[in-house]
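Hi,

Have a look at the structure before reading on.

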Amino acid sequence: MSDVTVTQFAEVLKVPVDRLLSQLEEAGIKVGGPDDTISDDAKLELLTFLRRSHGRQAATAAPRKITLKRKSQSELRQSAGQGRARMVNVEVRRKRTYVKRDVLEEQAKQQQEELDRQRHAEEEAKLAEERKAQEEESQRLAEQEAKQAAEELEERKKLEEEARLKAEAEARKLAEAEARRQQEENARKAAEISKRAKERKQKEAAGATRYGRKELHVAGAKSGRRRKRTPHRRHVSVSVESRHGFERPTAPVIREVALPETITVAELAQRMAVKAGEVIKAMMGMGVMATINQVIDQDTAQIVVEEMGHKPKRIRQDEVEDVVVEAGKAEGDAIQRAPVVTIMGHVDHGKTSLLDYIRRSHVAEGEAGGITQHIGAYVVALDKGKITFLDTPGHAAFTAMRARGAQVTDLVILVVAADDGVMPQTVEAVQHARAAGVPLIVAVNKIDREDSDPDRVKNELSQHEVIPEDWGGDTMFVHVSAKTGEGIDNLLEAILLQSEVLELEAVSDGPASGVVIESSLEKGRGAVATVLVNQGCLRLGDPVLAGQQHGRVRAMFDENGQPVEEAGPSTPVQLLGLSGTPMAGDDLIVLTDERKTREVAEHRRGKNRDVKLARQQAARLEDVFTKMEEGAGSSVQLLIKADVQGSAEALRDALMKLSGDEVTVNVIGSNVGGITESDVNLAAASDAIVIGFNTRADAAARAAIKETGVDVRYYSIIYEAIDDVKAAIVGMLSPEIREQIVGLAEVRDVFRSPKFGQVAGCMVVDGYVRRNNPIRVLRDNVVIFEGELESLRRFKDDVNEVRAGTECGIGVKNYNDVSAGDQIECYERIEVARTL
């Protein structure tokens with residue numbers, strides 16, 4: 001529709017032009033006059049305005065009640081007499097009144113509100129009455145309870161008074177009886193004394209003859225006339241009221257049994273004052289076979305003592321070494337020392353790379369697989385002082401290494417990748433730091449990446465109670481990049497600031513003490529131990545004691561391999577001269593006497609050997625009982641040789657966790673150094689697999705390997721070794737047997753056969769029936785027989801298989817109770833490989 005003028009549009013609408021102009025003005029449409037054109041959009045806008053205004057007026061003017069009146073007229077023909085008819089006019093008037101529904105609803109609503117108000121008032125009154133009744137009832141109960149309590153108190157006082165009077169009467173009776181007994185005793189003693197005095201006087205009087213001569217006194221046996229000897233009886237006063245000295249105890253005697261770290265069964269029985277057979281019987285009841293001279297460990301002895309009703313008391317047999325160790329402590333004035341900082345975090349989050357940037361070295365490139373598998377100790381010299389760093393592994397198998405790192409440190413730097421967030425080893429590092437009570441500094445690494453999200457790290461760590469300082473917590477968060485070096489200076493300043501707050505001090509002179517961080521066995525150098533000195537000064541030639549090993553310091557090297565003469569507090573050094581490789585985490589102390597050092601080391605080795613033998617004996621006996629009950633299971637025998645003690649320990653713990661109910665992992669040996677000929681012979685005798693972790697076999701060992709055929713595997717990454725052993729265990733698991741239904745046949749009729757007995761005429765309704773598969777006979781969906789087929793025929797031919805939709809004859813072996821309506825289910829057994 002094309003544009004028209006206002007005048008033309010008014011003619012079309014049949015309204016005056018002035019009225020149309022006023023309506024356009026009210027609608028907000030601007031026009032110059034009657035000759036201006038008006039567009040289609042303006043027409044639609046005007047129409048919308050008119051509809052809206054008319055609807056509003058209708059809404060406001062709508063009546064609440066409408067009355068409709070109708071009137072209709074009609075004629076009726078009415079017959080009259082004599083065949084005539086007349087016309088009658090009839091007028092019908094109708095009147096209907098329609099009331100608007102809103103009015104009715106409003107009235108109904110008002111009535112309902114009035115009813116609700118009345119009901120609410122009645123309920124309130126009822127609740128008030130019930131509340132009043134409850135208060136009266138509670139008051140009555142309180143009064144009754146108070147009265148009853150007063151009566152009970154009165155009764156209790158009365159009983160106490162009666163008991164007191166009774167006790168006083170009994171005490172008075174006992175006192176009177178005691179006084180009477182004392183008087184009788186005194187009277188008896190006085191009579192006895194007077195009797196003895198009278199006898200003495202008679203003897204003195206009989207000493208002289210009647211002529212006044214003194215006679216020679218001789219013994220009775222020496223007289224001229226032999227006299228009859230009478231036995232000499234000693235006079236014993238018997239009291240009727242005296243009691244026997246021994247009374248049977250009314251309750252069992254509970255003793256406190258001191259338990260050393262190892263004890264024999266006989267000695268344990270002696271300390272409990274019971275027979276050794278009872279102790280052996282109690283141990284047999286717990287599933288442990290033992291002899292009277294067998295040595296058991298402290299844990300087993302504690303269980304036995306508690307089982308027999310006594311109180312165990314664990315004691316340490318370390319008096320000798322305690323005296324020696326106390327004598328070797330450093331004394332003097334403490335000075336400020338460098339902080340020891342441990343870098344912890346998840347694997348591949350950039351711990352070693354961060355330390356590399358600080359040290360300006362390239363350690364991470366030399367690690368196998370790009371992951372750290374040892375604890376590295378380094379000293380970094382800054383303008384404001386020195387900082388000692390410990391780099392720990394992040395892989396899950398190195399939990400013990402991280403725990404040791406947290407125990408020997410002053411600060412923990414938790415490295416978290418900004419693009420990866422909090423991972424399992426991150427949470428574990430937080431737990432280790434919290435358990436050791438060490439302050440934490442969070443280094444958010446890899447912020448140079450595009451997908452880095454430091455706020456995500458803060459949110460995830462706050463769920464583990466690590467709250468940043470800007471959120472009101474006490475943990476410092478530093479954003480760093482090990483690649484570009486951004487934020488490294490801020491991190492070092494945070495470390496030095498935190499160390500100043502801790503006020504770290506140590507004695508710089510005197511005998512040294514420290515902790516063994518790592519140890520290894522190197523060709524040409526012997527046992528090498530990485531030691532962190534805590535107190536004193538370690539010098540060349542000092543006699544040292546490290547765990548079960550002893551020796552004299554022959555040489556010391558720093559982290560760069562340069563020889564050093566002495567090492568003060570917070571200084572890591574490599575130590576040569578020990579008798580063997582100590583365990584990681586052992587304490588190292590310097591003693592004045594080398595002979596005492598050797599004695600303490602031998603004492604520790606003997607004690608550890610006794611404890612180990614006792615535990616092996618207990619484990620061996622438990623293993624025998626387990627095999628007797630469950631049957632012999634499969635086992636994987638392993639012999640582990642690693643480059644350092646910490647890696648050997650981590651690998652052993654990780655592989656031992658793979659043991660299950662059917663297949664057990666047994667580590668027969670775990671040590672450091674290269675694979676020797678004795679290791680190969682031990683593995684051949686034990687049918688074990690040798691695992692070399694960053695180690696190799698020497699020439700003699702290689703010849704023994706060719707001769708014995710022992711399986712030797714070399715690894716440099718720990719999770720590759722774990723995966724290979726896990727695959728070997730999976731291969732040894734017995735497969736799972738599953739039953740799968742392959743066919744179902746319905747018995748339609750039963751025939752007699754002179755050859756097979758009962759033959760069931762069947763229709764295969766599902767799957768197939770095969771001759772060699774086992775079957776079940778079902779009646780009303782209940783299994784009544786399980787066996788195999790004797791014959792399967794189609795018409796008169798023997799067949800191996802009958803498929804669905806065909807008929808066949810089935811003869812069930814050793815079963816003649818098949819009836820029409822039964823079902824014969826055919827199934828097969830399949831083997832499914834199991835996984836851990």
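Two strands pair if DSSP finds at least two bridges between them. Helices (H or I, at least four residues) and strands (E, at least two) are DSSP runs, numbered from the N terminus. This is a predicted model, where local features need pLDDT of at least 70, side-chain atom pairs count only at pLDDT 80 or more, and totals for chains, interfaces and linings use all residues. Residues are numbered from 1 along each chain as its sequence is written, and side-chain values use heavy atoms, with hydrogens and water left out.

With that settled, strand S27 (residues 689–693) pairs with S28 in the parallel sense over four bridges, and Phe 693 stands opposite Tyr 715 in S28. Both strands belong to an open sheet of four with the order S26-S25-S27-S28 and parallel pairing. Its edge strands, S26 (663–672) and S28 (712–715), each pair on one side only.

Now to S13. S13 pairs in the parallel sense with strand S10 (residues 340–345) over five bridges, and Ile 343 stands opposite Ile 413. On to S14: six bridges join S13 to this strand, and the two run parallel. Val 412 stands opposite Leu 440 in S14.

Best wishes
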